[in-house]
Amino acid sequence: MFSASQSSKAQFLDKARQAREERRELKERERAAVQIQALIRRFLCRCRLQREIRREVEDFFGANESGSSKRSALSIFRIARKLLFVFNHKEDKERFEKLCRCILNSMDVENEPKVWYVSLALSKDLTLLWIKQIKDILWFCCEFLKQLKPDILQDSRLVNLHLTMLVTFTDTSTWKILRGKGETLRPAMNHICANIMGHLNQKGFYSVLQILLTNGLARSRPSLSKGSLTAIFSLALRPVVAAQFSDNLLRLFLIHIMSVPAIMTHLATLTPERLAVIESHDLFRKFILFLSREAQCRDVCVCLEGSHTLCLLGNLVYLGSLNDKVLEEETAHFVGVLIHMLSYCQKYVSQKKSNLTHWHPVLGWFSQTVDYGLNESMPLLTKQLQHLWGVHMIRILFSDVLSKKLLENQEIAQLPTQPVSPQNSLPMKNLLKRAFQKSASVRNILKPVGGKRVDSAEVQKVCSICVLYQTTLTTLTQIRLQILTGLTYLDDLLPKLWAFICELGPQGGLKLFLECLNNDTEESKRLLAMLMLFCDCSRHLITILDDIEVYEEQISFKLEELVTISSFLNSFVFKMIWDGIVENARGETLELFHSVHGWLMVLYERDCRRRFAPEDHWLRKDLKPSVLFQELDKDKKRAQLLLQYIPHVIPHKNRVLLFRNMVTKEKEKLGLVETSSASPHVTHITIRRSRMLEDGYEQLRQLSQNAMKGVIRVKFVNDLGVDEAGIDQDGVFKEFLEEIIKKVFDPALNLFKTTSGDERLYPSPTSYIHENYLQLFEFVGKMLGKAVYEGIVVDVPFASFFLSQLLGHHHSVFYSSVDELPSLDSEFYKNLTSIKRYGGDISDLGLTLSYDEDVMGQLVCHELVPGGKTIPVTNENKISYIHLMAHFRMHTQIKSQTAALISGFRSIIKPEWIRMFSAPELQRLISGDNAEIDLEDLKSRQKRMELKNMFLKVPSKRWWGLSTGRVNPDSWQKTHGVLWGLPWEPPGHYLAVGHPSQ
């Protein structure tokens, strides 16, 4: 009973609750329906109102276009107010255009104040409403400008329309209402314009102009018209001038306008009057002074990512090239600003460590996302930057250095005068004119003298300029060669900079810069930057000059100065290594070392090809070979670095001894040396004398690397297969090796060819006619390597350029094919260099970027570049043609043959073993020393080694000639043939026959 009552009560409560919920849901539905109906009615009403307003606007503009009557300013104001009330960017685009045209037309009417739209600004009741309306209209113009593409014809017309609106209502100069008596209203109207401009600036006016300029100018050909560009720049300049060049407005102008790619170049091309305006306001000076404050420069750079910072830099450099007076007066500030901006750009440059980096055509690998839309404008930006290392700006910045006089003992009075073309016009350098000018004067040789305080204003200024150019070189990595070429164009800059360096410090030269290495001060860094710039530029100059320009014309440096400079560099690099500075070098110190070392090695290699320095010039008298060898045995780092970077400071005979020691150590390590407990493995081969090359090739090419380095015993058999008498204790193998090398290097075999003139060997370009010719070259490389490995000298005179390739020098960034070309064909070299000096139009010669060659009776055309036979050689590309031609003759033609021979050679001789030799020294290592006979040494060795039987083979008359010193070269070669089996002395013979120095 009780439970039934409770159940009915629960059901009752549930029903009541359900009823309440249903009533609540019903009310919610009713309320939602009412709200939806209200929204729909509101939407429909709004749509109806918008249609009515738009219809009214259309009717208004339709009547206005019919020209039935002139619309008053008030009617335009009212219709504009209605349009702005319902304005939608997509739907009302055309109506807004009609409104703008209507407003502009009203401003062009003559003598009807009521029609002028601007007249409403004078109405007490409408002034504020009119100002608000014009602000809205002008901002809508800005928003449309952001979306328009100036390269599209229709959009370009709209750009002009919206720019005209902005130009008209941000300046009172075109307002007819202010003419005559209205002039008294100008201050008030100017105030209104300033108010409008301030509103636009707050909304982002400069960002709009930047987008429009970038869309129109960041391309190979600008799409903005002269009128549009003039209007945009005038609009950008107005707030700055109105604010009397306040820091805030200058900052906005620099960030948004001056960072547009090559805008100054486009102004100079399309509307040069704007540049005159810039000059009249002295804007370049104001920019430099503003950015000279470090905090403000950093702020501007932070706002701009790397590419746009570079664009700002380019525009400032271009402005500087047009303002000599300001540049001369503000050199320190200008240099400081550029250094800071370039240093900031370096933060964005990184090595390719991941796929997140991007390629930049000027900066290289770039850590930020690159705006690829700017890539089209990079050629123009590069042209702007070129002014920084152009002759004109270099003359201004380096005026203190270039004003030094290096010419003395003038003899011009005795010779006819010749007019000289101005250098800043970059004329073609004339060989005869140079030779005449150099013969007209005699210059003192520049040597370190000291005497100039390093803390003087002059030195600090020059140091800052050198820091600027050094920072430019390390930042603009992809145009580094252009920069170096520009810096080396003036023949007198580098010698005068060297003269300036010679005067620094109490004594000048080495001591000052070695002290700077140990001082981590800003002053020391700037002095070292000067040295780095001098080394980088000088190295580039000597690399691109040919032998005539270096040795005969002596462009920039006299040979005696190169001797002085190389002595300084040699000592500097030696001290850096021997004093342990290089071991722990990082950053700028390491860059300095590579810069100085690079310049040193270019001079050393030039001297190896054609000597200009005295005998033993490169040796270090204070370095004892015994000490060096002890440190090498102890694996001391400085000794290893010395051998790696400047082995030429060690006498050649000691390096040969070191090489032999390296070979001996490897033999011991591989078990190739006879010991009391073990004997080395011996490889036996049987050779038919009539087929020596074929048998040797078949039996030796299959041997492993270690077997080739080991002991090889040769057994000769005659044509009948009968063994020849004799036991091979290296003598027979030596004979075999000499004979096989003699055969393979015989030009008649066409594996190798001789150069014209001195008849030195190099791989034949037509050697491909042999079957398996690459395997043959690899075999030849192994045989040559085996001869060097065993200390067997062979009479194989190689061409210098081929020896350089054997050493790997052709992989160096400083290697020049043109410099090596005389060792291949001196006549061909002269013909090529005559093209370099050709004063007329080189295209008249009818040359193309190709090389025609007679190959076994057929004329074959080799293209130096893809499509080269259709590309003419001109004055612009003739230098490239010369280098391409030299590279083709010495590398491309024999690339596969050389690679195969080097592969075989290096399988026996490790590359690091021979890096301590120059090309001539490697030839001496292969073929022996062509040195004068030392009679006392020979007699001494005779006694020590009991060589009586050997000397008995020398005819008595020849021995008498040796003992009396009366010996000619032929007799000397014959005597060597008896003593060593060669026309000259084998390298390291002191070690071989027991020199007293051992």
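The model is predicted, so local features need pLDDT of at least 70 and side-chain atom pairs count only at pLDDT 80 or more, while totals for chains, interfaces and linings use all residues. Residues are numbered from 1 along each chain as its sequence is written, and side-chain values use heavy atoms, leaving out hydrogens and water.

Among the buried residues of α16 are Phe334, Leu338 and Tyr344 (buried means under 20% relative accessible area, exposed over 50%, partly exposed in between, with a 1.4 Å probe and protein chains only). The buried residues of α16 pack against several helices, including α14 (306–322) and α21 (457–475).

Elsewhere, Ile36 sits in helix α1 (residues 2–66). Ile36 is partly exposed, with a relative accessible area of 47%.

Turning to the aromatic rings, the structure holds 34 aromatic pairs (ring centres of Phe, Tyr and Trp, its six-membered ring, within 6.5 Å; planes under 30 degrees apart are stacked, over 60 edge-to-face and the rest tilted). The Tyr117 and Phe169 rings have centres 5.9 Å apart and planes at 90 degrees, so this pair is edge-to-face. The pair links distant parts of the chain, 52 residues apart: Tyr117 lies in the loop between α3 (93–108) and α4 (127–147), and Phe169 in helix α5 (residues 153–169). Both Tyr117 and Phe169 are buried.

Definitions and conventions: Helix = DSSP H or I, 4+ residues; strand = E, 2+ residues; numbered from the N terminus. Contact = heavy atoms within 4.5 Å.
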